[in-house]
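Morning, everyone. I'd like to walk you through a few local features of one model. Please have the structure open while I talk.

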Amino acid sequence: MKHQEAAQEIIKAVGGTKNINSVYHCVTRLRFDLKDNDKVDNGSLNKLDKVMGTNISGDQFQVIIGNDVSKVFDAMVKEHPAIQQSTENKEPKSDKKQNVVLKIFETIAGVFAPMLPAITAAGMLKGLLALFVSIGWMSAGTDTYRILSAIGDGVFHYLPLLIAVSAARKFGSNPFVAIALGTALMYPDMTALLSSGESVGFLGIPVTAVSYASSVIPILLAVWLMSYVEKWVDRVIPAALKLLLVPLITLLVMVPVTLIAIGPLGTFVGSGLSGGINWLLNEGGLIAGIVLGGAMALIIMTGMHYALVPIILSNIATLGFDKFLPLTFISNMGQAGATLGVFFRAKDKKLKTVALSTSFTALMGVTEPAMYGVNMKYKKPFAAAMIGSAVGGGFALAFGAKAYVLAGNGGLPGLPSLIGQTFWYSFGGMILAFVVGTIMSTIFGIKEEEGDAEALAQFSPGASSAATTTPSSDAASVNVDDMGAPTPTSNAVAVAPMTGKSIPLKEVNDPTFGDELMGKGVAFVPTVGELLSPVTGTIMNVFKTKHAIVVRSDNGMELLIHVGINTVKLRGQYFDAHVATGARVQAGDKLLTFELAEIAKEYDITTAMVVTNTADYKQVLPVKLGDITMGEDVLKAEI
C-alpha cells in the first residue's frame, strides 16, 4: 500500500477530517486529537498494511506505523493541510470522566512529542562531541568545537521558546504571543536583573529570582494559563481592536504573573517531581531498576515516556545527568533480544525473516515493529523482553548508571548519550537485557499463528504436540522432528466438515486467513450449523470460546477450523462443543454445533479450514469448490 493510500484510509478510519482536531507524529506513531474517539473504526485500521496497531493514551488516539510514519504523515498533511495542529473550531469532547493524572501526562506528552526532533538532534550532537573529546579527536577549546557545541547547547538553553510554541498549539493560543512571553523571560537584561542578588519587585510586589534558561515547567504552566487569559480578553475586546489589544493585554498580564507566581511555582513543582523520581532511582537501586526496567515497555506502549521528558531535561540541566534514560535503552535491548529468540524458535521462514529484521530495528532504537509486530502478538516473547529488561535495569541502577545528554534514540546509535563515568554499567545492563531476553524467549517458545489473537494464541503446532494424549494403536505412524512435533508421512485428504458452499481461502474477508498467513486451505459458507471432523485423528485443541478446533490427522496433517470471522467475541455464545482436547475422532464425527442464524445476524459466518503445517507439504490444494455436502473430499495435501 502506497503512503498516499494509507493516509487516506487512516483518515477515513478515524472518522474523517471532520473528526480530527489535530495530528502530529513522533518516531513511530501518528498522534490524533479527535473530537470523538468512538467514531474510530479499529477493525479497518488494523487491516491496513502500514498499521501495526493502535493505542489510546488519555484522550489521544495513536496509530502505530513504524519507520514509515513520517512519510504517511506527510502524505496525510499534503492532502489535508488543515488537520495539522489545527486548534480552531474544536467541538467539546465526550463528558465521560477522565483520569486526571492520565490527562495531565497526555497533555505533557502532546506538548513534547512534536519538539523531539530538535531536542534529540541537539542531544545526539552533544553526545558525539563528548565522545570525540574523550577519544582525543577534538579539543574543547577550538572554534569548531564551540560552534558545534552552540548547535547542541542552544536548543536546551532556549528550550522555553520551543515549549512555548508547542504548548500554544496544544492549548489553542497564539504561538507567536507565547514566544513573546518566553523571550521576555529570557531577555538578557531580565536575566541580569533576576541574577543580580538584589531584591526585585513589580509595582511593589516581590519577584522571586528564577533562572528560566533550560527550564521546562514554568513556561508550560505560563502558556497554559495564557491560553485562558487570551481567550477571555478576545471575548471582551471589540473586533476592530482585537489585533492590537488582545496580544498586548495578554502579555501585560502574563509576564508579571509568570515572574511573580508561576515561575517560582513551576520551579518548585519541577524540583519536587525531579527530586521524587531521583530519590526513587537513587535509593531504590537494584529494586527500582528491576521494577522500572521491567515495566518500561508498558510505559512506552502508553506513550507516557514522553511525559517524563521535562524531568529528564531538568535533571540534565541541573545535575548534569539523568538515571531514568538508561532504562529506556535497556528496555529496547530486551525487546530486541526477545525477538531474536523468536527467530531461533520459529519454523515459518517468513516469521523468521520478520523476527530477525525487527530485532535489528529494535537494536537501532525503534522498538514498535518488534514489540507490536512480533513480541506482543505471540505474548510469551513480550514477557521474555520484560524479564530481560528487569534484569538489565536492576544491574544498571545497582551501580548508579547515568545518561548525560538526551539523545532521543534508545538504541545503539544513541550510545554517545551514555558516555561518562558510568558508561560500562549502562552498557552492561543493555547486554544483560538483550541476552536474558533472547534466552527467555527461546525457552518460552511461541505459538506460530497470527490474527484473531485472543483465540488463535491458544494454539500452535508446537504447543499441541505437548498434549498428554497417546494415539490409539491403530493410528498411522508419524515421524517426530527435533521440536517434538510430528511430520507428515504420506499424502493427506480432508473431507468437508460442513454442508454449504466451499470457496477459495483467498475470498475470506480476513487477512489472517485470506492472505494465507496461517497456511493454505479452503473456506466454507455453511447452510447447516454443524461441524464434523474432516479427518481421522486426534483433537489437539478445543478453543475455550468453542468457535474453533484444531485436529491432527493420523498421517500428520494439522487442521485449524475457525467458524466465522471475529466470532471469538461471542465468548462461546451460540456454540456447543461435542468433543474435548485429546479425544480420538473418526472422519465425520460431530465436533461442534452452532446456532447459524443467530451468529449470522452479527458476524460473517464464513468458516476457514487451514493446514497450519503447510510448510511440511509440497502443495495444498482444494479438491472441490462450490456446493458441497459434509463428507465429500474437499482438500488434499501432497508431500
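Let's start in a loop. Tyr574 sits in the loop between E15 and E16. What is the phi of Tyr574 near? Its phi is near 75°, and that is a positive value in a residue other than glycine. One word of caution before I go on: this is a predicted model.

Is Arg571 buried or exposed? Exposed counts as over 50% relative accessible area. Arg571 has 60%, so Arg571 is exposed.

Now to the helices. Two packed helices are described by the angle between their axes and the distance between the axes. I have two pairs to show.

Take H7 and H8. Helix H7 covers residues 159-171, and helix H8 covers residues 175-186. Their axes come within 8 Å. They cross at roughly 155°. Angles over 145 degrees count as roughly antiparallel, so H7 is roughly antiparallel to H8. The crossing of these two, H7 and H8, is right-handed.

Next pair: H13 and H17. Helix H13 runs over residues 325-345. The axes of H13 and H17 come within 7 Å. What is the crossing angle of H13 and H17? Roughly 30°. The cut-off for roughly parallel is under 35 degrees. Therefore H13 is roughly parallel to H17. Handedness: H13 passes H17 in a right-handed crossing.

Which elements give two or more residues to the nonpolar patch? Helix H16, residues 380-398, and helix H17, residues 423-444. H17 supplies the largest share, five residues.

Ile439 is found in helix H17. How accessible is Ile439? Its relative accessibility is 43%. Buried is under 20% and exposed is over 50%, so at 43% Ile439 counts as partly exposed.

To recap H17: H17 gives five residues to the nonpolar patch, and H13 lies roughly parallel to H17.

Technical notes
Residues numbered from 1 in each chain as written. Predicted model: local features only at pLDDT ≥ 70, side-chain atom pairs only at ≥ 80, totals over all residues. Heavy atoms only, no water. Helix = DSSP H or I, 4+ residues; strand = E, 2+ residues; numbered from the N terminus. Buried < 20%, exposed > 50% of the residue type's maximum accessible area, 1.4 Å probe, protein only. Axes fitted to C-alpha atoms, helices over the stretch in contact; angles between N-to-C directions. Parallel < 35°, antiparallel > 145°, perpendicular 65-115°, else oblique. Left-handed = near helix turned anticlockwise from the far one by under 90°.
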